2 protein chains.
Amino acid sequence: MLKYQQIAAELETYIEEKALQQGDKLPILETLMAQFEVSKSTITKSLDLLEKKGVVFQVRGSGIFVRRHKRKGYISLLSNQGFKSDLEDYQLTSKVIELDVRKPTIEVADNLNIGLGDDIYYVARVRYINGQTLCYEESYYNKALITYLNKEIVSESIFHYIRDGLGLKVGFSDMFLHVDQLNEEEANYLHLRPGAPKLYVETIFHLTNGQPFDFSKVTYNYEQSQFFLQANSSM
Amino acid sequence: MLKYQQIAAELETYIEEKALQQGDKLPILETLMAQFEVSKSTITKSLDLLEKKGVVFQVRGSGIFVRRHKRKGYISLLSNQGFKSDLEDYQLTSKVIELDVRKPTIEVADNLNIGLGDDIYYVARVRYINGQTLCYEESYYNKALITYLNKEIVSESIFHYIRDGLGLKVGFSDMFLHVDQLNEEEANYLHLRPGAPKLYVETIFHLTNGQPFDFSKVTYNYEQSQFFLQANSSM
């Protein structure tokens, strides 16, 4: 972790521990510089990172303010950290339905930018929140990048393993959302009736070098899932 | 528009006009500096802005690459520009159901950070895409900030008016998503059957100074709406 990232993390912890509210003002730049004993450019980078993450907002000529919404139990749709970080107070578990190495379909090859002869890991899981079904998830990993998976790994956080076990850097992702009705198979996994509403999300996850490593299809139980999104002014 | 924003806009147009694909490499920094006749710090700010907007990604030591997804017709959930910019090839229209000044409910007052005695503009609209219903939208504007609306304004892009007509700066927003089933009133407006699936989105829009000015509730027609989201690595 670089210095400015470390300071950003400390500031974030400070905001949480003090239970600061949206609109609360942070100390001025000079105070933060003195407190962390760093240069202006370092503290500016920390604050830019926190603004990008939606933790603060900066008002030109006025200061730095806390950004925090009031609603609990929402899953951040943009988090590349997996669910675990959003839902710390909840118990999350997974049941592995299938794990194997296979060849991709045309759709999967296209989304992962690989050939039809290349190998992929296929992982199907049902994920639970406090014992209730949260989602049914099918993921396709490019085996040239995600070289090894086993049942123990995929029953836990796969992204944690990818970062810490394989040492890969997770970069940007593209998400496609649809609302539709559950088919029989999905309803079965989620313990809902066929025809019940669903949120269906396809995501292409990339490494920081731009290579797609995971194409995933997730069907959410509408009764258990509420989502949160932050947009910044520059977008 | 500042110099770096102008260059960012030009680069974005260039990428679109040349129909560059995801992974295509942009010229190196020195070439861009010479081409636009600006300093390194200006071109760096332009590229940072484009990275934030999901138009490029930067790989340390390797270069700047185009970021573009392949799917057409998706609405960007994070755009604060309104739908119009995402769906340029589509015909978007609105029917105004109601427009009046009233007092807020507790829920609305809480989300807009105002008192129960303050005035709000209430706007209900049905929005259409190529003649099909896209969504039913109820919006609550803080009248102290959005001082004037009329039927002509709300039948067009309200955000366009807020920026260009009132000269206000739209900042960050917080969105809350649920999937559920249409009730009778919503089904009626969207020409769907009650019980059909819906995406329901509540958004709190803020000015750049952090004041919430619009709390909106949007119910989407699931048959007409597919959404797109980009996540950056820092998130």
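Ala231(A) has Ser173(B) as its bridge partner in strand 7 of chain B. Strand 10 of chain A and strand 7 (residues 170-181) of chain B run antiparallel, joined by six bridges. Strands here are DSSP runs of E with at least two residues, and helices are runs of H or I with at least four, numbered from the N terminus. Two strands pair if DSSP finds at least two bridges between them.

This is a predicted model: local features need pLDDT of at least 70, side-chain atom pairs count only at pLDDT 80 or more, and totals for chains, interfaces and linings use all residues. Residues are numbered from 1 along each chain as its sequence is written, while chains are lettered from A and ligands numbered from 1 in the order in which they are written.

Eight strands form an open, mixed sheet in the order 4(A)-5(A)-6(A)-9(A)-8(A)-7(A)-10(B)-3(B). Its edges are strand 4 (92-102) of chain A and strand 3 (75-76) of chain B, each of which pairs on one side only. Ser76(B) has Phe228(B), in strand 10 of chain B, as its bridge partner.

In chain A, strands 1 and 2 form a hairpin with three residues between them. Gly61(A) in the turn has a positive phi of about 80 degrees. Phe57(A) stands opposite Phe65(A) in strand 2 of chain A.

| Strand pair | Sense | Bridges |
|---|---|---|
| Strand 10 of chain A, strand 7 of chain B | antiparallel | six bridges |
| Strand 3 of chain B, strand 10 of chain B | parallel | two bridges |
| Strand 1 of chain A, strand 2 of chain A | antiparallel | four bridges |

**The chain contact**

In all, 44 residues of chain A are in contact with 44 residues of chain B. Contact means that C-beta atoms, placed from the backbone, lie within 7 Å. On the chain A side, helix 3 and strands 1, 7, 8 and 10 each give two or more residues. Strand 7 of chain A gives the largest share, 12 residues. This side divides into 21 nonpolar, 16 polar and seven charged residues. Ala, Val, Leu, Ile, Met, Phe, Trp, Tyr, Cys and Pro count as nonpolar, Asp, Glu, Lys and Arg as charged, and the others, Gly among them, as polar.

**Two helices of chain A**

The axes of helix 1 (residues 3-17) and helix 3 (residues 40-52) of chain A come within 8 Å and cross at roughly 55 degrees. Axes are lines fitted to C-alpha atoms over the stretch in contact, with angles from 0 to 180 degrees between N-to-C directions. Residues making the contact include Leu11(A) of helix 1 and Leu49(A) of helix 3. The contact residues divide into seven nonpolar, three polar and three charged.

Definitions and conventions: Contact = placed C-beta atoms within 7 Å.
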